[in-house]
Amino acid sequence: MRHELSPTVDQIKAARKVAGLTQEEAADLLYRNSLQRWSEWETGLTSMPPADWELFLIKTNQHPDFRRFP
């Protein structure tokens, strides 16, 4: 399965909550992004780039095709 589209606001919020992260912690996980940018993604002000979405899913072990070892 490929994730080529930007995620929805609901998908972003849900994935962050499943990971047990605050917005600030989620932004830190994607090292080049700021809390402000994460907030913009969760409010729909801007769209999260598909590559950032996929990276977030991989780093939080939520990607359906790639699982990290503990």
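1. T60 is buried, at a relative accessible area of 16%. Buried here means under 20% relative accessible area, exposed over 50%, and partly exposed in between (1.4 Å probe, protein chains only). T60 sits in the segment after helix 4. Its side chain reaches the backbone oxygen of F56 at 2.8 Å. Not counting residues up to four places away in sequence, T60 touches A19, L21 and L29. Contact means heavy atoms within 4.5 Å.

2. A word on the basis. This is a predicted model, where local features need pLDDT of at least 70, side-chain atom pairs count only at pLDDT 80 or more, and totals for chains, interfaces and linings use all residues. Residues are numbered from 1 along each chain as its sequence is written, and side-chain values use heavy atoms, with hydrogens and water left out.

3. The overall plan comes next. The chain has four helices and zero strands. Along the sequence the pattern reads α-α-α-α. Helices (H or I, at least four residues) and strands (E, at least two) are DSSP runs, numbered from the N terminus. Of the 70 residues in the chain, 29% are buried. Among contacts with a separation of 6 or more, 55% join residues 24 or more positions apart.

4. Which residues of helix 4 are buried? In this helix, residues 50-59, they are D52, W53, F56 and L57. Seen down the axis, they fall within an arc of 135°, so they line one face of helix 4. The arc is that of the directions from the helix axis to the C-beta atoms. An α-helix has 3.6 residues a turn, so residues three or four places apart point the same way. The buried residues of helix 4 pack against helix 1 (9-19), helix 2 (23-29) and helix 3 (35-43).

5. Helix 1 can be read in the same manner. Its buried residues are I12, A15 and R16. They cover an arc of only 100° around the axis, which puts them on the same side of helix 1. The face turned away from that buried side carries the exposed residues D10, K17 and V18. Helix 2, helix 3 and helix 4 are included in what covers the buried residues of helix 1.

6. The R16 side chain makes a polar contact with the side chain of E42, at 2.4 Å. A polar contact is a pair of N or O atoms within 3.5 Å; within protein, one must be able to donate a hydrogen and the other to accept it, and residues adjacent in sequence count only if both atoms are side-chain atoms. Leaving aside neighbours within four places in sequence, R16 is in contact with L21, T22, Q23, A26, W38, E42 and F56.

7. How do helix 1 and helix 3 meet? Their axes come within 7 Å and cross at roughly 125°. Axes are lines fitted to C-alpha atoms, for helices over the stretch in contact, and angles run from 0 to 180 degrees between N-to-C directions. Helix 1 and helix 3 are therefore oblique to each other. Angles under 35 degrees count as roughly parallel, over 145 as roughly antiparallel, 65 to 115 as roughly perpendicular, and the rest as oblique. V9, I12, K13 and R16 in helix 1 meet W38, W41, E42 and T43 in helix 3. By class, this contact has four nonpolar, one polar and three charged residues. Ala, Val, Leu, Ile, Met, Phe, Trp, Tyr, Cys and Pro count as nonpolar, Asp, Glu, Lys and Arg as charged, and the others, Gly among them, as polar.

8. Next, the loop between helix 3 and helix 4. G44 is found there and is partly exposed, with a relative accessible area of 44%. G44 and V9 are 35 residues apart in sequence and 5.9 Å apart in space, C-alpha to C-alpha. L45 also has its place in this loop. L45 is exposed, at 64% relative accessible area. L45 and V9 lie 36 residues apart in sequence and 9.5 Å apart in space, C-alpha to C-alpha.

9. Finally, two backbone angles. Just after helix 1, G20 takes a positive phi of about 70°. Just after helix 4, N61 takes a positive phi of about 60°. N61 is a residue other than glycine. Most residues other than glycine have a negative phi. N61 is partly exposed, with a relative accessible area of 32%.
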